[in-house]
Amino acid sequence: MSVVKSIELVLPKDAVYLAGSSIKGQVVLTLNSTLVDPIVKVELVGRGYVEWNEEIGASRDYSRDVICNNKADYVHKTKTFPVEDNWLSAGSRTFDFHFNLPPRLPSTFTSKIGHVFYFVQASCMGREHILAKKRRYLLVQGTSSDFHAENPLQNPLFVEAEKKISYNCCSQGTICLQIQMEKNTFTPGERVIFTTEINNQTSKCIKTVIFALYAHVQYEGFTPNAERRSRVDSSELLRQEANTQITPFNATKIVSTFHLPPVLSVSGGTQDGEIMNTHYELVSTVHLPWSLTSVKVKVPIVITRAPVDSDGCGLLDGSSVTVSLDHQN
């Protein structure tokens, strides 16, 4: 029978921690029998990793695939609990702990190419052997650069795209697509409200309008020869489809709302030491199957988050968290 019956971590359920905030919890250790010279500790760890295959020498007579990768260590803190007289008797005991997250961290993130993850790990050792350990992953919301923090709001936006459409061999017309927004800078968990106007100056009916929010992530890595490489990958975060009947030579307005996930990477450019950076784009698309074409209008979206000392909030509501990004061709 093992000396350690169980080791558990007690943390708020579904919590989202803001970079710069405090993590408070408990380690509950239960022993079957007396343990001499124990080491009971808890660690806070944050890491990032990216990896992808890239073709080298494609313009030559030969080519080969190499692995490009990169990694980053964001935080590693350890707290070892004092044990009186260097022994613990059978039974349960509780150890309180707290860690302060660094003020500048990337958000929890996962995709097929890159990961940013944080976890708290409790362990119990006896005579240099690990007897038990427990790990709990955390959801961390990163904060913005000073530029975005100082410019959280912008003037109302108006974006327009117009396209001439040919159909039925010789018939022609135009379709004008417009998006209006009160702002294009948002925080995770906020609602994105926008109005789309479709002006159909053709003799055909428009039946479907698609709205989507995309994340464009640029990953930074190195080849085995230490050559720097970049890769951009796009994913669809949110999507809505409006089934409507926009009759010929008529215009229609559609008001739409996206509810942003409570954890998102903040928008930003690449800085030294970063393994990835993210930009967002709102796209409205009118597909025209009768002309084998489509009309699109795109609006850049900025995701920002003020530092914890600006709003006094460190522990956020983490219900309905969506942080996974799947590759879209």
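A polar contact here is a pair of N or O atoms within 3.5 Å; within protein, one must be able to donate a hydrogen and the other to accept it, and residues adjacent in sequence count only if both atoms are side-chain atoms. The structure is a predicted model, in which local features need pLDDT of at least 70 and side-chain atom pairs count only at pLDDT 80 or more, while totals for chains, interfaces and linings use all residues. Residues are numbered from 1 along each chain as its sequence is written, and side-chain values use heavy atoms, with hydrogens and water left out.

R93 sits in strand β8 (residues 91–100), strands being DSSP runs of E with at least two residues, numbered from the N terminus. Its side chain gets to the backbone oxygen of S89 at 3.1 Å and to that of G91 at 3.3 Å. R93 is buried but goes without a salt bridge, with the nearest oppositely charged side chain, E84, 9.7 Å away. Buried means under 20% relative accessible area, exposed over 50% and partly exposed in between (1.4 Å probe, protein chains only). A salt bridge takes a side-chain nitrogen of Lys or Arg within 4 Å of a carboxyl oxygen of Asp or Glu; for charge, Lys and Arg count as positive, Asp and Glu as negative, and His and the chain ends are not counted.

Turning to the loops, N86 falls between β6 (64–80) and β7 (87–88). N86 has a positive phi, near 60°, despite not being a glycine, and is partly exposed at 46% relative accessible area. A226, in the loop between β16 and β17, also isn't a glycine and has a positive phi of about 65°. A226 is exposed, at 58%.

Note on methods:
Helix = DSSP H or I, 4+ residues; strand = E, 2+ residues; numbered from the N terminus.
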